[in-house]
Amino acid sequence: MRVDAYAKATGAATYTADIALADMIWIGITRSTFARATILSVDTSEAAHVSGVLGFLDGSDFRGMRYGRGVRDVPVLADGEVRFIGEPIVAVVAETREAAEAAADLVEVDYENVAAVVDPSEALAGTSDPVHSAPWEYDGADPTSSQGSNLQSRVTIGDRLAAEEAIKTSLHVVTERYGTQSVHQAYLEPHACVARVDADGLAHLWTTNKSPYLLMEQVGRCLSIDPSTIVVHPVMLGGDFGGKGSPLNAALCIEVARRYERPAKLMLRYADELTAGNPRHTASIQVTLGCDGEGRLTAAILDAVLDGGAYGGFKFWPNSVSGALCQCLNSYTIPTAYLDVRAVYTNSVPRGHVRAPGMPQGAFAVESAIDELAVAAKIDPLELRLRNVLADGSSTVSAGGRLLESVSTVRTDRREADLCPSEPGSWRIGRGLAQFTLIERPVKDPTFLNMVRTTLRMREGTDGAVEVETSTPETGTGSHTVLRNLLADALELERSAIRIIPATTRDLAGGVPASASRVTTTFAKVVPEAAKAWGSRGTSREVVVDYVPAPTVGNDAHAHSWLQEAVVAVDTETGQVAVQELTSVIEVGMVVNEIAHQMQIDGASMMGLGFCLMEDLAVEDGQVGAAQLGDYKIPTALDVPRLKTVLVRTGHDDRRVVPIGESGIVPTAAAVANAVYDAVGVRIRQLPITAEKVYNALEEGAWAALATNQ
Amino acid sequence: LRAADPEFVRPETLDEALEELAEPGAMPLGGGTSVVMLLKNGLIEPSKLVFIGKLGELAQVGESPPGGLRLGGTVTLRELAESGTVRSTAPAVVEAASRVGNPRVRAVATLGGALAHGDPRQDLPPVLLALGATVTLTSRTGSRTVPLDGIFQGFMETDIREGEIVTHVDVPPDPNRRCIYHRFTPASDHDYPTVGVAASMSVASDGTVLAARLALGGVADRPILVSEADEVLGGRRPSDSDLKDLADIVRAAVDPIADERGSESYKRAMAATWTYRTVKSCLG
């Protein structure tokens with residue numbers, strides 16, 4: 001059983017929402033109703049009459065203070081200007097949540113509207129006033145002033161001229177632009193934060209954040225206080241999916257708690273989550289691929305523009321999403337490639353990280369383009385991939401070819417009779433493939449290595465159990481269960497003989513953040529050391545293990561690959577796409593917890609299908625359309641197709657743990673898009689693939705066919 | 001809840017409930033699945049909520065008159081979905097009731113609420129319209145029984161007046177009835193339908209359609225009854241071209257509102273396609 005199962009099933013688990021401290025006050029937020037405006041005045045007189053209201057804070061209380069994960073460009077409260085609809089302007093402090101929220105609605109803000117920058121390509125062209133006057137001056141900024149005014153980051157790889165030259169001489173060439181929409185992480189638990197500041201200056205935080213030690217740094221730098229005076233307390237997280245890595249309201253809560261000398265709490269409503277969270281980057285990606293007469297890739301050019309929204313500070317680094325997107329060509333050996341990925345500022349909700357940031361966008365574009373090239377070259381899409389798959393070479397360890405070879409077995413095992421829906425419809429069946437290869441390059445940067453510093457304190461409990469303190473948050477993925485199971489195996493104890501104790505950041509020097517598929521891989525390295533230390537503890541009742549990974553030796557890059565094949569039924573009369581089966585073929589190492597591992601594959605696959613078929617956090621003129629989860633559809637249990645999994649061992653190192661959490665979501669959309677093409681000959685290049693888009697394309701096609709016949 | 005919480009009362013009998021509801025600003029609460037959402041979004045501000053969800057007088061499912069149905073206003077969707085009587089008399093009601101929301105919603109959401117909410121995307125209204133149901137509305141001053149068709153007046157607007165509640169819905173008997181409901185949810189199964197089509201046909205043993213009723217949800221500001229259905233299909237054994245004619249009439253008759261479930265033109269096209277499919281399977 002999972003470590004957290006009993007507490008969650010009985011309601012005993014403590015989430016931030018459950019934290020109620022004595023004498024606690026509440027914060028409500030007045031948010032911008034303009035995508036871009038200058039704030040002329042703020043009138044709190046009516047709001048102040050709400051019973052229980054204690055006071056107000058605005059941007060003038062945080063002048064010059066900005067927060068961010070990488071670049072510090074996010075004001076705590078708007079700094080005289082608003083840059084997206086939903087941006088916090090005023091914090092209302094009150095005795096109750098109800099009073100704080102009611103008063104926040106009554107705060108009158110007088111704006112002077114300014115033309116908003118809503119289109120990313122226009123933002124790049126620099127035709128309107130920049131979103132930020134000098135974004136390169138922000139601490140941690142990626143671009144320089146010479147790179148243009150709305151750039152959050154730019155990643156370029158390769159030689160443009162050489163790639164263009166190689167394309168010119170290629171026998172078959174496709175150039176297409178693909179678009180992907182923004183989606184929300186859609187975790188159940190909205191952001192929340194409780195802060196308490198002791199008389200001695202120590203600031204305590206209980207909050208929906210998965211990287212507590214980084215949070216201390218981020219908040220400390222924002223408020224100009226010593227990070228070591230911030231204590232992050234352990235709470236359960238109700239889902240993360242990449243969205244809970246930023247400080248968001250932590251600095252505000254600490255400041256309110258300090259001023260009022262009472263603990264302060266803020267809980268977002270889901271409407272706030274949708275309009276002012278940190279959803280996935282909207283992307284527009286042009287891909288050019290060329291191949292020779294044998295279907296060997298000759299060159300690739302990828303040009304991507306990511307809508308980063310009003311602030312870049314929700315990204316781990318300004319270029320983290322752009323850089324990850326560049327991985328989407330890894331599956332292939334391509335003689336000449338050029339990639340140019342830019343994230344830009346616009347007056348819309350700031351974008352952040354969502355499970356496998358950047359990768360589903362890139363994979364949708366590249367893996368769709370590969371199939372389009374296969375059509376142009378009249379080669380089967382699987383065969384085209386087999387001819388170009390990344391070789392298992394001297395500096396890159398890869399099993400991509402073996403995955404592709406297993407596809408024929410997957411197909412042989414499939415029962416075609418199972419694949420037609422029973423519902424009325426004029427169904428055509430199609431199948432589509434897509435793959436992805438993540439390359440882990442050697443890590444030598446000490447700052448980065450220190451981020452995964454992980455401390456465990458182990459002691460003998462009075463009942464004989466081994467008690468283990470960890471400050472790595474449990475986001476819902478089962479990270480504490482992984483730690484317990486690994487320890488039980490290493491110590492050769494029953495799982496019930498290990499007790500996981502969540503600890504504060506003050507109790508322990510480090511705890512790997514629950515991000516970037518790093519928890520299980522890190523625990524797998526810490527646990528052998530912990531077991532060794534425990535075994536040789538002698539008479540001492542307590543052992544502290546402090547692990548900081550050593551810089552990678554050598555220059556070998558590890559690739560791990562995965563692919564998906566989707567089988568879809570398309571109703572030619574309605575355009576409905578019914579996914580009948582989704583098979584994931586995944587390269588794995590040692591699987592620590594088989595059930596949790598499978599759940600990560602299945603859950604990510606469903607998130608991938610949501611991204612592909614229905615989720616759409618549409619932003620129009622800077623306004624997020626969805627005001628509640630009822631307006632923002634994600635797949636449910638009723639939408640789960642037949643899910644199949646084939647695990648392929650890496651073969652290189654049996655003890656190596658390969659991350660799984662982000663795999664399943666990446667190739668799904670392209671696999672389905674390719675299957676839709678296979679079924680009805682319609683190519684959808686803009687996600688989500690709605691029935692209406694397919695229907696319209698079919699209608700146009702029918703019209704074209706009719707015109708040709710006449 | 002943001003505004004001042006309304007008073008919550010729990011009367012023991014229907015008469016007590018009607019007395020409470022006679023007070024201006026009072027609103028009935030059945031399962032609460034719609035009312036609570038409207039409250040949370042600040043769209044309604046009742047001074048008093050009168051809980052009628054457990055009034056036994058309104059919770060009956062009966063076969064009366066024989067061959068017909070009398071469904072109490074607080075019968076839950078789950079009870080409808082699980083009722084053998086309903087299944088044998090009007091299986092389309094089961095199909096619609098079993099597809100609304102999720103098990104948590106169906107366990108408490110009521111028939112009366114599904115009608116009173118006036119949401120054009122609801123599944124039960126088109127089915128009951130097609131079945132020719134009447135609704136009985138009761139207030140402290142008396143009862144009135146009206147055809148269901150007259151109740152729906154616009155988006156979330158009904159002719160149910162202050163102080164009235166849905167006491168029951170009657171489905172008339174018809175030994176020759178075939179009824180069917182199709183809901184088209186192309187993105188998530190767990191969503192409001194892009195279009196829902198209900199057909200109820202009285203069919204003689206030789207295949208002649210004695211009477212035909214067709215209703216659609218999701219394609220106008222209210223559920224709509226297509227009155228031309230009987231002219232096109234009635235008194236004959238409908239041909240494929242009759243079905244296509246009816247689909248064309250529907251295409252012109254609907255007035256869809258564009259949203260994330262489809263544009264106006266797509267919903268129009270789907271209303272026609274699913275009309276054809278639904279009538280065909282109803283007669284098939």
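**Figure 1. An open sheet of three strands in chain A of the predicted model.** The strands follow the order 6-2-8, and their pairing is antiparallel. Strands, like helices, are DSSP runs numbered from the N terminus (strands: E, at least two residues; helices: H or I, at least four residues). Strand 6 (81–82) and strand 8 (108–113) of chain A stand at the edges with a single partner strand each, so one side of each has no neighbour in the sheet. Strand 2 (residues 37–43) of chain A runs antiparallel to strand 8 of chain A, and six bridges join them. Two strands are taken to pair if DSSP finds at least two bridges between them. A:I39 stands opposite A:Y111, a residue of strand 8 of chain A. Strands of a sheet pair through backbone hydrogen bonds, in either the parallel or the antiparallel sense.

This is a predicted model, in which local features need pLDDT of at least 70 and side-chain atom pairs count only at pLDDT 80 or more, while totals for chains, interfaces and linings use all residues; side-chain values use heavy atoms, with hydrogens and water left out. Residues are numbered from 1 along each chain as its sequence is written, and chains are lettered from A and ligands numbered from 1 in the order in which they are written.

**Figure 2. Strand 21 of chain A and its two partner strands.** Strand 21 (residues 466–470) of chain A is mostly covered, with five of its five residues buried. Buried means under 20% relative accessible area, exposed means over 50%, and partly exposed lies in between (1.4 Å probe, protein chains only). In a regular strand the side chains alternate between the two faces of the sheet. Here both faces are covered: A:V466, A:V468 and A:T470 are buried on one side, and A:E467 and A:E469 are buried on the other. Strand 20 (residues 454–460) of chain A pairs with strand 21 of chain A in the antiparallel sense over four bridges, and A:E460 stands opposite A:V466. The hairpin of these two strands has five residues between the strands, and in it A:G464 takes a positive phi near 95 degrees. With strand 22 (residues 498–502) of chain A, strand 21 of chain A pairs in the parallel sense over five bridges. The bridge partner of A:E467 in strand 22 of chain A is A:R499.

**Figure 3. The interface of chain B and chain A.** In this interface, 22 residues of chain B are in contact (heavy atoms within 4.5 Å) with 24 residues of chain A. The two chains bury about 1900 Å² between them, 50% of it on carbon and sulfur atoms. Buried area is the accessible area (1.4 Å probe) that two parts lose on being put together, summed over both. The rule finds three salt bridges across the interface, where a salt bridge is a side-chain nitrogen of Lys or Arg within 4 Å of a carboxyl oxygen of Asp or Glu. One salt bridge is formed by the side chains of A:K633 and B:D191 (3.9 Å, N to O). On the side of chain B that touches chain A, strand 11 (177–184) and helix 11 (264–283) of chain B each supply at least two residues. Helix 11 of chain B gives the most, with six residues.

Figure 4. B:D242 is buried, with a relative accessible area of 10%. A polar atom of the side chain of B:D242 lies 2.9 Å from the backbone nitrogen of B:S239. Leaving aside neighbours within four places in sequence, B:D242 is in contact with B:V232, B:L233, B:R236 and B:R237.

**Figure 5. Two cis peptide bonds, one from A:L687 to A:P688 and one from B:S64 to B:P65.** The bond from A:L687 to A:P688 has omega near -5 degrees. A:P688 is in the loop between helix 18 (668–680) and helix 19 (691–709) of chain A. Omega is near -5 degrees for the bond from B:S64 to B:P65, and B:P65 is in the loop between strand 4 (61–62) and strand 5 (69–72) of chain B.

Terms used
A polar contact is a pair of N or O atoms within 3.5 Å; within protein, one must be able to donate a hydrogen and the other to accept it, and residues adjacent in sequence count only if both atoms are side-chain atoms.
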